[in-house]
Amino acid sequence: MKSASSSHVPSNAGVWKENNVIAMLEQNSVWRRALSLGKHLHLDKGRRWTDFPGGDVFAFLDSGLIRLSSLGENGSERIFLHIGAGCIFNELSCMHVAPLSTASFLAMEPCEIYQFPKSLLENRDFVLQYPELMMNLVQSLMLKAGAFFGQIEESVGLSPENLVCRYLFRLQEDASLRLKPKFSQSDLALALGLHRSTVCRILHDLRERGILGEFTRTRLEILDKEALHELCRAEK
């Protein structure tokens with residue numbers, strides 16, 4: 001369910017979860033008033049925004065879709081956010097004391113981007129001329145902080161098996177035992193921040209125990225819902 005966060009965004013704006021990944025749309029649409037102050041860039045599908053050198057900058061996504069992911073200490077990649085049109089990104093790096101060096105912004109489809117210098121956020125004249133833009137930026141930062149905190153809190157104390165089982169259990173809660181997940185085992189590993197080999201091992205074990213049947217991009221079969229639910233619990 002998509003829900004608008006404030007009166008400053010259009011009716012189609014929202015923050016929601018899709019396949020365990022937070023998605024945002026049109027959260028910063030009011031920034032279109034200041035696009036003339038930015039540098040326009042086109043980003044082809046499959047390209048990373050960091051391929052364009054720019055120093056301390058943040059950006060506004062006018063159209064397209066960008067995926068934010070980061071590398072963990074164990075070298076595994078985790079998807080944190082899907083950024084839709086009308087949203088600002090990389091502002092956290094501009095404001096953070098230590099740069100978020102492992103953050104990666106990947107274009108999931110062709111994107112039109114406007115890039116702004118970090119100094120714009122420290123420009124008194126800009127703040128006085130566009131107070132509603134700064135208010136909107138603070139609101140979206142609060143949404144991101146809350147969403148990221150929720151992701152971290154949710155995974156504390158859970159083993160990789162717990163995480164995988166919780167994910168699978170949620171998918172079938174409001175549907176039949178045979179679903180169409182529209183994502184692969186690799187996508188599942190990225191969404192949970194686990195190595196693909198770890199996810200494959202857990203899924204193999206669930207099949208061996210008669211809990212899980214087929215799992216492909218087009219079909220997910222849960223054979224023992226009760227046993228899966230039991231494995232969702234954190235170990236004490």
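Analyst: Let's start with Ser-104, which sits in strand β8, residues 103-107. Bear in mind that this is a predicted model. Is Ser-104 buried or exposed? Its relative accessibility is 11%, so Ser-104 falls in the buried class, for which the limit is under 20%. Its side chain makes a polar contact with the side chain of Arg-48, at 2.3 Å. Leaving out residues up to four places away in sequence, Ser-104 touches Arg-48, Arg-67, Leu-68 and Ser-69. Arg-48 therefore turns up both as a polar partner and in the contact list, given that contact means heavy atoms within 4.5 Å.

Now for the sheet. Four strands make up an open, antiparallel sheet, ordered β3-β9-β4-β7. The edge positions go to β3 (39-43) and β7 (87-89); each has a single partner strand, so one side of each lacks a neighbour in the sheet. From one strand to the next, the twist averages 30°. For β7, the pairing with β4 (residues 57-63) is antiparallel and runs over three bridges. In one of these pairs, Phe-60 has Ile-88 of β7 as its bridge partner.

On to the nonpolar cores. The largest one has 27 residues, and those with the most contacts inside it are Val-164, Leu-168, Leu-203, Leu-206 and Leu-212. Two or more residues come from each of α4 (160-173), α5 (185-192), α6 (196-208), β11 (212-216) and β12 (219-222). The largest share, six residues, is from α4. Take Leu-212: apart from residues up to four places away in sequence, it touches Leu-168, Leu-203, Leu-206, Arg-207, Leu-220, Glu-221, Ile-222 and Leu-223. There is also a second, separate core of 20 residues, with Ile-22, Trp-49, Ala-59 and Phe-89 among them. As background, nonpolar side chains tend to be buried together in soluble globular proteins.

Notes:
Residues numbered from 1 in each chain as written. Predicted model: local features only at pLDDT ≥ 70, side-chain atom pairs only at ≥ 80, totals over all residues. Heavy atoms only, no water. Pairing = 2+ DSSP bridges. Axes fitted to C-alpha atoms, helices over the stretch in contact; angles between N-to-C directions. Core = buried A, V, L, I, M, F, W, Y, C linked by side-chain atoms within 4.5 Å. Buried < 20%, exposed > 50% of the residue type's maximum accessible area, 1.4 Å probe, protein only. Polar contact = N/O pair within 3.5 Å; in protein donor to acceptor, adjacent residues only side chain to side chain.
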